[in-house]
Amino acid sequence: IGIDETPSGVELGYWVARRHWGKGYATEAGRSVLHVARTLGHNRLIASHFVDNPASGKVLRKIGFVPTGVVAARFSLGRGERIEAEEYAYDSASEDMVERKRAA
């Protein structure tokens, strides 16, 4: 898991070996990396998942990302080809507002 500056913005990316799926590792790591990103001053991030992996979209939504409605082909190194991917965005200002409402 990590973040990278791209022409589109700061992007969160991760990969989890299949034998470790469903154990919460991506969610835990995602929350931690978002914290680090915010500490570094990155308030908006993007991420995506391949359309044939909806569980990854569930992880992104769980950590505060929202779908943008954009679907575009992205290269998959593991598959060696371009695959359709759904884009998500995270905005820390929106997340802060949600947290304040929960606390009130």
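Helices, as counted here, are DSSP runs of H or I with at least four residues, and strands are runs of E with at least two, numbered from the N terminus. The exercises below concern a predicted model.

**Exercise 1. Work out how β1, β2 and β3 are joined, and determine the handedness of the crossover from β2 to β3.**

Step 1: strand β1, residues 2-6, pairs with strand β2, residues 9-13, in the antiparallel sense over 5 bridges, and the two form a hairpin with 2 residues between them. Step 2: within this pairing Gly2 stands opposite Gly13 in β2, while Thr6 stands opposite Gly9 in β2. Step 3: strand β3, residues 44-50, runs parallel to β2 and is joined to β2 by 2 bridges, with Val10 opposite Leu45 in β3. Step 4: between β2 and β3 the chain passes through helix α1, residues 25-39, and this β-α-β crossover is right-handed.

**Exercise 2. Give the strand order of the sheet, and explain why one side of β1 and of β4 has no neighbour in the sheet.**

Step 1: the 5 strands form an open sheet with mixed pairing, in the order β1-β2-β3-β5-β4. Step 2: β1 and β4 (66-76) stand at the edges and have a single partner strand each, so one side of each is left without a neighbour in the sheet. Step 3: neighbouring strands of this sheet are turned against each other by 35 degrees on average, direction ignored. Step 4: α1 packs on the sheet, where α1 touches β1, β2, β3 and β5, and the direction of α1 makes about 45 degrees with that of β1. Step 5: helix α2, residues 54-62, lies across β2, β3 and β5 and runs at about 160 degrees to β3.

**Exercise 3. Identify which elements give two or more residues to the largest nonpolar core, and which of them gives the most.**

Step 1: the largest nonpolar core has 12 residues in all, among them Val10, Leu12, Val33, Leu45, Phe65 and Tyr88. Step 2: the elements that give two or more residues to this core are β2, α1, β3 and β5 (81-91). Step 3: α1 gives the most, with 3 residues. Step 4: for Val10, leaving aside neighbours within four places in sequence, the contacts include Ile3, His42, Leu45 and Ile46.

Methods: Residues numbered from 1 in each chain as written. Predicted model: local features only at pLDDT ≥ 70, side-chain atom pairs only at ≥ 80, totals over all residues. Heavy atoms only, no water. Pairing = 2+ DSSP bridges. Right-handed = clockwise from strand over helix to strand, strands pointing away. Core = buried A, V, L, I, M, F, W, Y, C linked by side-chain atoms within 4.5 Å. Buried < 20%, exposed > 50% of the residue type's maximum accessible area, 1.4 Å probe, protein only. Contact = heavy atoms within 4.5 Å. Axes fitted to C-alpha atoms, helices over the stretch in contact; angles between N-to-C directions.
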